[in-house]
Amino acid sequence: MGERGILTVVSGFSGSGKGTIMKELLKKYPGQYALSISATTRDPRPGEENGREYFFKTTEEFEQMIAEDALIEYAQYVNHYYGTPREYVESQLSAGKDVILEIEIQGALKVKERYPDTVLMFISPPGAEELKKRLVGRGTETMDVIDARLSRAVEESLGIENYDYFVINDVLENCVEEVHSIIQNEHSRVSRNINLINQIREELKGFSEGE
Ligand code: ADP
Ligand code: 5GP
């Protein structure tokens with residue numbers, strides 16, 4: 001059986017560029033990564049499509065998914081539910097794909113509890129002013145919602161020490177490369193290669209028995 005894929009959670013303040021980074025990563029390394037599509041009760045932004053950025057659900061539908069244990073984790077973020085469907089993540093990991101969840105911090109911690117070998121990565125812009133500039137520049141939220149997201153960012157910043165990696169998104173291209181190399185380096189961890197290590201041990205034993 002092939003090696004199981006690596007599960008990575010990418011979090012970061014709203015507007016830090018997570019969505020943009022993920023899009024570039026998938027484009028640059030086609031077939032290597034599987035990006036989980038979350039369910040949410042928030043409204044689609046202009047240009048977002050059901051089943052592409054999110055599965056857009058009513059509150060009733062979302063609560064039904066919770067009841068059926070169809071989500072690995074879910075959380076509330078600025079008045080809406082967001083959650084990760086289980087089936088896709090588990091099947092892609094088994095198929096050896098490196099799976100990425102782009103989710104907020106409460107969800108990230110729940111995933112780490114459930115799958116302790118998860119890589120937790122936090123993406124940040126180079127500074128707070130730049131964050132506000134990107135959020136305003138994106139032009140998809142009202143000033144009220146932007147303010148709510150910025151105050152949520154203060155809380156989120158207090159949780160960064162729970163993560164394994166802190167990656168600055170300044171020059172987009174460099175950031176995409178950094179994310180890719182962190183995940184790929186994880187494949188070399190001893191704890192992720194126990195089967196192969198045991199196999200080589202057995203093979204080596206074969207030599208000494210033959211002497
Ligand atoms: P998130 O998914 O984290 O909320 P987005 O990917 O929507 O953030 O990015 C927020 C805004 O910042 C978008 O308008 C995007 O084009 C812009 N952006 C993303 N990365 C960079 C970067 N490295 N430099 C400048 N602007 C960026
Ligand atoms: P947005 O509305 O900007 O798309 O997402 C808002 C926040 O919800 C972001 O921090 C995003 O990472 C997070 N999020 C998206 N999907 C999920 C999910 O399935 N679970 C959790 N816990 N957070 C999510």
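This is a predicted model: local features need pLDDT of at least 70, side-chain atom pairs count only at pLDDT 80 or more; totals for chains, interfaces and linings use all residues.
## Overall form

The chain has 211 residues, of which 42% count as buried. Its secondary structure consists of eight helices and nine strands. Along the principal axes, the C-alpha atoms occupy a box of roughly 75 × 40 × 30 Å.

Among contacts with a separation of 6 or more, 68% join residues 24 or more positions apart.

In soluble globular proteins, nonpolar side chains tend to be buried together. The largest nonpolar core in this model comprises 23 residues, and Leu7, Val9, Val89, Val99, Leu101 and Val111 have the most contacts inside it. Two or more residues each are given to this core by strand 1 (7-12), helix 3 (86-94), strand 7 (98-102), helix 4 (105-114), strand 8 (119-124), helix 5 (128-138) and helix 6 (143-157). Another core, of 17 residues, lies apart from it and includes Ile21, Tyr29, Tyr33 and Val176.

With neighbours within four places in sequence left aside, Leu101 is in contact with Leu7, Thr8, Val9, Val10, Ser36, Thr84, Val89 and Val111.

## Surroundings of ligand 1

Ligand 1 has 13 residues around it, and those that come nearest are Gly15, Lys18, Thr20, Arg138 and Asp170. A polar side-chain atom of Thr20 lies 2.5 Å from an oxygen atom of the ligand. For Lys18, the corresponding distance from a polar side-chain atom to a ligand oxygen atom is 2.8 Å; for Arg138, a polar side-chain atom lies 2.8 Å from an oxygen atom of ligand 1. Of the 570 Å² of accessible area that ligand 1 has on its own, the protein covers 72%.

Conventions. Residues are numbered from 1 along each chain as its sequence is written. Chains are lettered from A and ligands numbered from 1 in the order in which they are written. Side-chain values use heavy atoms; hydrogens and water are left out. A nonpolar core is a set of buried Ala, Val, Leu, Ile, Met, Phe, Trp, Tyr and Cys residues joined through side-chain atoms within 4.5 Å. Buried means under 20% relative accessible area, exposed over 50%, partly exposed in between (1.4 Å probe, protein chains only). Helices (H or I, at least four residues) and strands (E, at least two) are DSSP runs, numbered from the N terminus. Contact means heavy atoms within 4.5 Å. A residue is near a molecule or strand if one of its heavy atoms lies within 4 Å of it. A polar contact is a pair of N or O atoms within 3.5 Å; within protein, one must be able to donate a hydrogen and the other to accept it, and residues adjacent in sequence count only if both atoms are side-chain atoms. Accessible areas come from the Shrake-Rupley method with a 1.4 Å probe; for residues, only the protein chains shown count as cover.
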